[in-house]
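Here is a short report on one structure. It looks at a strand pair and then at some charged side chains.

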Amino acid sequence: NTTLAKKPAPVFDISTTQRFDPQASLSFARGHFQTFSLSYADSSLVTGFVGRDIVQMGDYYAMTRFGCALDSNDPSMNGIDGILGMGMPDASLPNIPTPLIFALSSDRGGIEGANYINEKLLKTRKFAFLSTADSAEIQLGGYDRGSTSADMVYMPTTSTTEYSVNVQSLTFGGIELLDWKDKDVPNALPAILDTGTTCLIIPDTLLGGRVTSKPYSKFREIMTKGMSFYITIDGHLFEIPYECWWQRTQNAPCVQKTPPSYAGLLLGDVVFQSLVVEFDLTKPHHPLIGIAPRNPIYSPVPPGGLDRLHKVAVVKVRGLVCCLLCCLEPRQAAQG
């Protein structure tokens, strides 16, 4: 008999990241540091302290707060230097910094205090996002029409704390996965557009008796290579092509089931490879989502690059959208 030694479970190793050093920044606001502890739906936890310095993204920079992570219980964070949060202020806690898109935009309403003299602010609080299998791009102030193959269609979000929209239909190979029992009434599920999610995540329950079969289980039964998903979002039909939902490197579908506690969909990177999504936060309590098909011949700005339309390249690691340095590098280093 042979006894095999158990491999130790992987742990987070902060030495694998490029950490921001407050001592190296002349503009870092020194003083009392507030700590934070942030947990996610997958039970991962990040702890650290809140710093204040000049943060730059693209051409725009402002004095603002940001989180300096010191520890995590999630080994998948190894090698990741930071997470770029672009969410809504209503979702944040008092001790968590303002989302960067608000800190970098004018008319901030005093969220981060009086304007700092050395700032260059974004005049329109909008940004768009798209990705490929190994890269991604943020477009600031709106969206680049050259990146889409049709005009944007706009719809209100169903929440002021998350980028959620209504989905009425999801078909695969012409077969409806959301087969509503009562077709005489309007039916829809909430769907969260989440750049931090890798796959298309769909329910695997009967949704309290609203559908005739479990959507994820039905997909597994009929799954065929080469076919597309078609999703109806707020009455508009969009395609998720085969090359976007099939993972060639793993020879497996990038489609998963949601936890039973969530009766909705998560539209992750699979969708952002298919579509260009614009987030209009001009009115923070009435956000709009714009969606358009992706132009297949459009290529994102190369990593480290920036073009005249203020599009910023970001790096994708394990489905996360990452920005330089563990706590969002301040201005002097964030231009790299």
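Two strands pair if DSSP finds at least two bridges between them. This model is predicted.

**A strand pair**

Strand β4 (residues 126-131) and strand β5 run antiparallel, joined by five bridges. In one of these pairings, phenylalanine 127 has leucine 140 of β5 as its bridge partner.

Strand β5 covers residues 136-140, and five of its five residues are buried, so the rest of the structure largely encloses it. In a regular strand, side chains alternate between the two faces of the sheet. In β5, Ala136, Ile138 and Leu140 point one way. Glu137 and Gln139 point the other way.

Side chains of opposite charge can pair when their charged atoms come close. The structure holds four salt bridges.

| Salt bridge | N to O distance |
|---|---|
| Aspartate 179 and lysine 183 | 3.0 Å |
| Lysine 257 and aspartate 204 | 3.9 Å |

Aspartate 280 is buried at 10% relative accessible area. Lysine 126 is partly exposed at 21%.

Lysine 257 pairs with aspartate 204 in a salt bridge. This pair also links distant parts of the chain, 53 residues apart. Lysine 257 sits in strand β15 (residues 255-257), and aspartate 204 in the loop between β10 and α2. Lysine 257 is partly exposed, at 49%. Aspartate 204 is buried, at 17%.

Aspartate 179 is partly exposed at 22% relative accessibility. Its partner, lysine 183, is exposed at 57%.

How values were computed
Residues numbered from 1 in each chain as written. Predicted model: local features only at pLDDT ≥ 70, side-chain atom pairs only at ≥ 80, totals over all residues. Heavy atoms only, no water. Buried < 20%, exposed > 50% of the residue type's maximum accessible area, 1.4 Å probe, protein only. Helix = DSSP H or I, 4+ residues; strand = E, 2+ residues; numbered from the N terminus. Salt bridge = Lys/Arg side-chain N within 4 Å of Asp/Glu carboxyl O.
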